[in-house]
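Reader: I am new to reading protein models, and I would like to go through this one step by step. Could we begin with single residues and then turn to the way the strands are arranged?

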Amino acid sequence: PSGSLKITTTHMKAGYLRKNGVPYSANATMTEYYDIVRERSGDQWLILTSIVQDPLYLREPFMISTHYRKQADAAGWDPTPCSARW
């Protein structure tokens, strides 16, 4: 199957696009797309594309993309119980 999972978020609390970056207002809209891409080699990627649109602070949409490659096995995955106590 192909296609994207699309998530649109409105009515966000005003904040910053990055810690020391451009602000966004409460009128901003964020749209996220989640895609799975399979390569000929067999590798699978989860690609998250985030787009922020804000009529107050941005002249054009702010877009960022993050790529995650699926591991073939559990190598590098060694979860441990949380040590926090209440």
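Reader: Where is the place of Thr 31?

Author: The model shown here is a predicted one, and the strands in it are numbered from the N terminus. Thr 31 has its place in strand 4.

Reader: Is Thr 31 buried or exposed?

Author: A residue counts as buried when its relative accessible area is under 20%. The relative accessible area of Thr 31 is 11%, so Thr 31 is buried.

Reader: Which residues does Thr 31 touch, not counting residues up to four places away in sequence?

Author: Thr 31 belongs to strand 4, and strand 4 pairs in the antiparallel sense with strand 5 over 10 bridges, while 5 bridges join strand 4 to strand 1. With residues up to four places away in sequence left out, Thr 31 touches Lys 6, Ile 7, Thr 8, Thr 49, Ser 50 and Ile 51.

Reader: In what order do the 4 strands form the open sheet?

Author: The pairing in this open sheet is antiparallel, and its edge strands, each of which pairs on one side only, are strand 1 (5-9) and strand 6 (62-69). Neighbouring strands of the sheet are turned by 15° against each other on average, with direction ignored. The order of the strands is 1-4-5-6.

Reader: What is the bridge partner of Ile 36 in strand 5?

Author: Strand 4 and strand 5 pair in the antiparallel sense over 10 bridges, and the two strands form a hairpin with 5 residues between them. The bridge partner of Ile 36 in strand 5 is Leu 46.

Reader: How many bridges join strand 5 to strand 6?

Author: Strand 5 (residues 44-53) and strand 6 run antiparallel, and Ile 47 stands opposite His 67 in strand 6. The number of bridges that join strand 5 to strand 6 is 8.

Reader: Which residue has a positive phi although it is not a glycine?

Author: Most residues other than glycine have a negative phi. The residue in question has a positive phi of about 55°, is found in the loop between strand 1 and strand 2, and is exposed, with a relative accessible area of 76%. Its name is His 11.

Reader: Which residues form a nonpolar patch on the surface?

Author: Val 22, in the loop between strand 2 (15-16) and strand 3 (23-24), is partly exposed, with a relative accessible area of 39%. The patch has about 300 Å² of accessible area together, and its members are Val 22, Leu 56 and Tyr 57.

Terms used
Residues numbered from 1 in each chain as written. Predicted model: local features only at pLDDT ≥ 70, side-chain atom pairs only at ≥ 80, totals over all residues. Heavy atoms only, no water. Pairing = 2+ DSSP bridges. Axes fitted to C-alpha atoms, helices over the stretch in contact; angles between N-to-C directions. Patch = residues over 30% accessible without salt bridge, like charges linked within 9 Å, V, L, I, M, F, W, Y side chains within 5 Å. Areas by Shrake-Rupley, 256 points an atom, 1.4 Å probe, with all protein chains shown as cover. Salt bridge = Lys/Arg side-chain N within 4 Å of Asp/Glu carboxyl O. Buried < 20%, exposed > 50% of the residue type's maximum accessible area, 1.4 Å probe, protein only. Contact = heavy atoms within 4.5 Å.
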